[in-house]
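The exercises below are to be worked with the sequence and the 3D structure open. Try each task before reading its solution.

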Amino acid sequence: ACCNAGIGTASLALLTEDPELLDVVAESVNRINRQFDEIGIDGGWQEGCGYYRKGIHAVNFFTDPLKRLTGGSIDLYKHPKIQANPVTFLLYFMVTPERLIPFEDSGYGRAGTSHIWNKLAGETHSPETAWFRNYMWGEGRDIFDIIWPRASVKPALPDETSKHFRTIDWAVMRSDFTDPEHVVVTCKAGMHDDPHHGHLDCGHFIVYWRNQEYIADIGSPPYDELYFDEVRWEYPQASAAGHNVVFVNGELQIPAKHKDQPWQEGFGGRILEFRAGKNRDYTLMDPSGAYPGKELKGWRRHIVLDKPHITVVLDEIKSAPGAEIEARFHSNAAIDVEDGYVFLGGDEGAMALIPVADSGFILREGKHASLPVIEGERFQWIPYVGTVLRAQNDRTVVCSVVLPVDGRDDAESVSESASVSADGDGNITLVFRHDGKEHRYEFAQNADGLVLK
């Protein structure tokens, strides 16, 4: 979209001098339509929010003059994917007027500028797009707000606050669009077939609360000369090593495409079940296919948002007995490992990460080295912590609870109260106490694995 919108706009400007450029305009239309065809049925875009916005932004500068010069007979805004979901993807990953929650190579910043969404709201008559534009930018301060003024579309939010983007298998679980007191959980599965802006992060998740990612994505590095070569997969930002996923004996996830090697289909995973409810949301992922399969034989990750504040993760991992299993976590808060839990000290509050397992575990701290090959960039360490245990048999269950706490005593109290147990049929129950209330999560065993009751 970016390249073809640019050359298409230039060709429109030069048509009176060289009518043969009409062929370039036509091909630009065809290729932009092909990109729009790839938007998911719910508006999802596999490259992430930043690249979705980038394409839409560029297209405006071609689509608007093309529509006017053809008297509306060629109107890219009428593509059914754009009409159905002009801003849905960005809206659900939005957390404040300045922030998006990022996966892959997309950044944290605002999604573009106000005039993009002025134009899209007017062309699609989308109440969600009008709301997103107003919430993000208010009055707006861009000169293109004069050329493409705010649309006279009544702003409105969607009825559902949580969403599964089915084509790309990403999910957002939340109870409110604007209140930072309410936790937002995002998670992703999907295929590893984007070697340009994708990461090896199948099963990865983020927990956002009070303007901060307490369980975080570490982002992408500045684009240096090596990042889009084969060595890309060794950067912690793109490798599974830098994501909140599971490892068996250190085995990493793999891409569908290595440099100078043929494509290998099928690497990645799926969201098997998604439930959105008034009090609880639930996502079940199977990221097993993202690994070579030598050490990790199977992995199902269950994520529950107990609204509005509590996140529960249950991992069921298949491996050889005796294998080392690690569930790894990164954070934008200060990581302080205590006895049996992790205290996450944030800018506006604290959360605790509390592992729960029926066998012994340790909390192991680590860090990634990061230095982009760009003049002036500084070396940095990126910290993380892992829950590490040994597989007692061919299936291991480990739980992780992430919740706001008043301090270390509060976190310790929750940790001491937490337990996970299995009955004779393989059903799993996780229990802990917080704020004077017992929290219970029951998972039923079926032929394929556990499912939240």
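## Exercise 1: Glu213

Glu213 lies in strand β8 (residues 212-215); helices (H or I, at least four residues) and strands (E, at least two) are DSSP runs, numbered from the N terminus. The model is a predicted one, in which local features need pLDDT of at least 70 and side-chain atom pairs count only at pLDDT 80 or more, while totals for chains, interfaces and linings use all residues. Residues are numbered from 1 along each chain as its sequence is written, and side-chain values use heavy atoms, with hydrogens and water left out.

Task: Is Glu213 buried or exposed, and with which side chain does the side chain of Glu213 make a polar contact?

Solution. 

1. Start with the classes: buried means under 20% relative accessible area, exposed over 50%, and partly exposed in between (1.4 Å probe, protein chains only).
2. The relative accessible area of Glu213 is 2%, so Glu213 is buried.
3. List what Glu213 touches, contact meaning heavy atoms within 4.5 Å. Leaving out residues up to four places away in sequence, the residues touched are Arg99, Ile101, Tyr108, Ile206, Val207, Tyr208, Ser331, Asn332 and Ala333.
4. Look for a polar contact, which is a pair of N or O atoms within 3.5 Å; within protein, one must be able to donate a hydrogen and the other to accept it, and residues adjacent in sequence count only if both atoms are side-chain atoms. The side chains of Glu213 and Arg99 make such a contact at 2.6 Å.

## Exercise 2: Glu326 and strand β14

Task: Find the strand that holds Glu326, and say which strands pair with β14.

Solution. 

1. Glu326 belongs to strand β14 (residues 324-329).
2. Five of the six residues of β14 are buried, which leaves the strand mostly covered. Glu326 itself is buried, at a relative accessible area of 5%.
3. Two strands pair if DSSP finds at least two bridges between them. Strand β9 (residues 246-248) runs antiparallel to β14, with three bridges joining them. Here Phe247 has Glu326 as its bridge partner.
4. Strand β19 (residues 380-390) also pairs with β14 in the antiparallel sense, over six bridges. In this pairing Ala327 stands opposite Thr387.
5. The contacts of Glu326, not counting residues up to four places away in sequence, include Phe247, Arg364, Tyr384 and Thr387. The side chain of Glu326 also has a polar contact of 3.0 Å with the side chain of Arg328.

## Exercise 3: Strand β20 and the cysteines

Solution. 

1. Strand β17 (residues 350-357) pairs with β20 in the antiparallel sense, over eight bridges. Val356 stands opposite Cys399.
2. A disulfide is taken as a pair of cysteine sulfur atoms within 2.5 Å. By this rule the count is zero.
3. Cys187 is in no disulfide, the nearest cysteine sulfur being that of Cys202, 10 Å away. For Cys399, also in no disulfide, the nearest is that of Cys187, 16 Å away.
4. Cys187 is buried, at a relative accessible area of 0%. Cys399 is likewise buried, at 0%.

## Exercise 4: Helix α3

Task: Where does α3 bend, and what residue with positive phi follows α3?

Solution. 

1. Helix α3 covers residues 49-69, which is 21 residues.
2. The expected span of a helix is 1.5 Å times one less than its number of residues. From first C-alpha to last, α3 reaches 31 Å, close to the 30 Å expected.
3. The bend at a residue is the angle between axes fitted to the seven residues ending there and the seven starting there. For α3 there is a bend of about 35° at Asn60.
4. Gly71 follows α3, with a positive phi near 60°.

## Exercise 5: Backbone angles in loops

Task: Which peptide bond is cis, with omega near 5°, and how exposed are Asn211 and Asp435?

Solution. 

1. The cis peptide bond runs from Lys307 to Pro308. Pro308 sits in the loop between β12 (298-306) and β13.
2. Asn211, in the loop between β7 (205-209) and β8, has a positive phi of about 65° although it is not a glycine. Asn211 is partly exposed, at a relative accessible area of 32%.
3. Asp435, in the loop between β22 (428-434) and β23 (437-445), has a positive phi near 55° and is not a glycine. Asp435 is exposed, at 65% relative accessible area.

Notes
Contact = heavy atoms within 4.5 Å.
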